[in-house]
Structures are given as C-alpha cells and as structure tokens.
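Here's a quick tour for anyone meeting this protein for the first time. Have a look at the fold below, then read on.

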Amino acid sequence: MTPSVEKVLSVMKDAFGDGILNIAVRPVEGGVVKKVSSSIVFLEIKRETLYPLVSHLNELYPLHVSCPMANRDRDGQLELVYAFTLFGGRGNYAEIPLIIKVMLPLDDLSLPSLTPIIPGITMMERETLEMVGVDFVGLRDKRRLFTPDALEENMNPLRGKPGDGQPPAIID
C-alpha cells in the first residue's frame, strides 16, 4: 500500500524540519464519471536541504522526474522548481505530485547535482545550466544541448550575461 500524503509529510518534517521553509498541500479532483481525489504537495526548502531531502525521499519512495525544471526571477533571487512524483506506476491515482522550490541568490547560482541520486535528471540540469546559468556541482557532462559552442562564455539565453543588465540573447 502506498503511504498517504500525511505520512510523506511527517517523514519530511521529522528529517528536515528546519530546512523546510513552507509546505502546502492542494487537493485536486479528477475524472468525469468516477471522481478521484488526490493532492499535490508543494515544498519550499533551503538550498542546502535539496540534496539530502531528495536523497532521503528517493530511498524511501523512489522519485520520478515529471517535467523540465522551471525557473523565474523572484525577489532578487532565482527560484528553481523541481517537479517529481512519488509512487509512479503503483496503480491508478496512487502517485503524489511533489513540487520542490529552491531559491538561489543571483550572485551564487550553484547547487549540487542530483544525478548521483536520479541519473535521469542529467538533461534537465544541463539545460538549466545552459539556458539559465545554474552550475550543478558534480554534474559530469556540462556540454551545451541547444546553443552553439561559439556562444559567448557565461551567456545564458534565458538570462543574458551576468551583470550586464541586458535581456536574454537571441540566437540566429
């Protein structure tokens, strides 16, 4: 049997209480003929909590990467949004969507790579490195995916060049 949202939250709070800045649970309902209820869990965490939290969760309840990493500038920082699911493939509507938000100061865009925990996150981290400029420490393959190698160093198409106040680059 798949643990409940409450059990997952209890495990996270017990292990990482101070590292979790905010928790929200949003109930959702799906289905036309047969209504099914579920919940989405939203966490905002300290940056130093990301690696140990993801590692701990993945040991208990294997994580699945759901979609590319979203990001946005917010309050003079860069917000990274990881979308995971817990309990994928364990039956209809057994999955728990888990959205983890981490804030990075604009003068220190680095996080540990999650590839040792979830190898499939490699492409997502490479894309975020290339497009936004976040350095994933420990990411072994940092080659560009979408832009030419000749692109000016430290030029990130979705953020521009650090410190120049210019809009993102347009690549012909």
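This is a predicted model: local features need pLDDT of at least 70, side-chain atom pairs count only at pLDDT 80 or more; totals for chains, interfaces and linings use all residues.

## Getting your bearings

Let's start with a term: a residue is called buried when its relative accessible area is under 20%, and exposed when that area is over 50%.

What is the protein built from? It has three helices and eight strands. Walk along from the N terminus and the elements come in the order α-β-β-α-β-β-β-β-β-α-β. As for how the chain meets itself, take the contacts with a separation of 6 or more: residues 24 or more positions apart account for 52% of them.

Helix α1 covers residues 5-16 and helix α2 covers residues 50-60. They pack at an angle of about 140°, and their axes are 11 Å apart. Angles over 145 degrees would count as roughly antiparallel, so this pair goes down as oblique instead. The crossing of α1 and α2 is right-handed.

Which residues do the meeting? On the α1 side they are V8, V11, M12, A15 and F16, and on the α2 side P52, L53, H56, L57 and L60. Sort the residues of this contact by type and you get nine nonpolar, one polar and no charged.

In soluble globular proteins, nonpolar side chains tend to be buried together. Here, the largest nonpolar core has 40 residues, and Y82, F84 and I100 are the ones that touch the most other members. Two or more residues come from each of α1, β2 (36-45), α2, β5 (77-86), β6 (96-105) and α3 (122-132). Helix α1 gives the most to this core, with six residues.

Skip residues up to four places away in sequence, and Y82 still touches L50, M69, L98, I99, I100, V102, L111, L114, I121, M124 and F136.

## Two partners of Y82

Beyond four places in sequence, L50 touches I45, Y82, I100, V102, L111 and L114. Its C-alpha atom is separated by 9.5 Å from that of I20, which is 30 residues apart from L50 along the chain.

I99, on the other hand, is found in strand β6. Its relative accessibility is 16%, and I99 counts as buried because the cut-off is under 20%. Leaving out residues up to four places away, I99 touches I40, V41, F42, L43, V81, Y82 and A83. The C-alpha atoms of I99 and S66, which are 33 residues apart along the chain, are separated by 9.6 Å.

## An enclosed helix

Now for helix α3. Eight of its 11 residues are buried, so α3 is largely enclosed by the rest of the structure. Those buried residues are M124, E125, R126, T128, L129, E130, M131 and V132. What do they pack against? The list is β3 (63-65), β4, β5, β7 (110-112) and β8 (135-137). After α3 comes G133, whose phi is positive, near 95°.

Set aside its neighbours within four places in sequence, and R126 is in contact with L139, D141, R143, R144 and L145. The C-alpha atoms of R126 and K142 are separated by 6.0 Å, though these two are 16 residues apart along the chain.

## One last stop: D75

Where is D75? You'll find it in the loop between β4 (70-74) and β5. D75 is not a glycine, yet it has a positive phi of about 55°. Is D75 buried or exposed? Its relative accessible area is 69%, so D75 is exposed.

Notes: Residues are numbered from 1 along each chain as its sequence is written. Side-chain values use heavy atoms; hydrogens and water are left out. Axes are lines fitted to C-alpha atoms, for helices over the stretch in contact, and angles run from 0 to 180 degrees between N-to-C directions. Helices (H or I, at least four residues) and strands (E, at least two) are DSSP runs, numbered from the N terminus. Angles under 35 degrees count as roughly parallel, over 145 as roughly antiparallel, 65 to 115 as roughly perpendicular and the rest as oblique. A crossing is left-handed if the near helix is turned anticlockwise from the far one by less than a right angle, and right-handed if clockwise. Contact means heavy atoms within 4.5 Å. Ala, Val, Leu, Ile, Met, Phe, Trp, Tyr, Cys and Pro count as nonpolar, Asp, Glu, Lys and Arg as charged, and the others, Gly among them, as polar. A nonpolar core is a set of buried Ala, Val, Leu, Ile, Met, Phe, Trp, Tyr and Cys residues joined through side-chain atoms within 4.5 Å. Buried means under 20% relative accessible area, exposed over 50%, partly exposed in between (1.4 Å probe, protein chains only).
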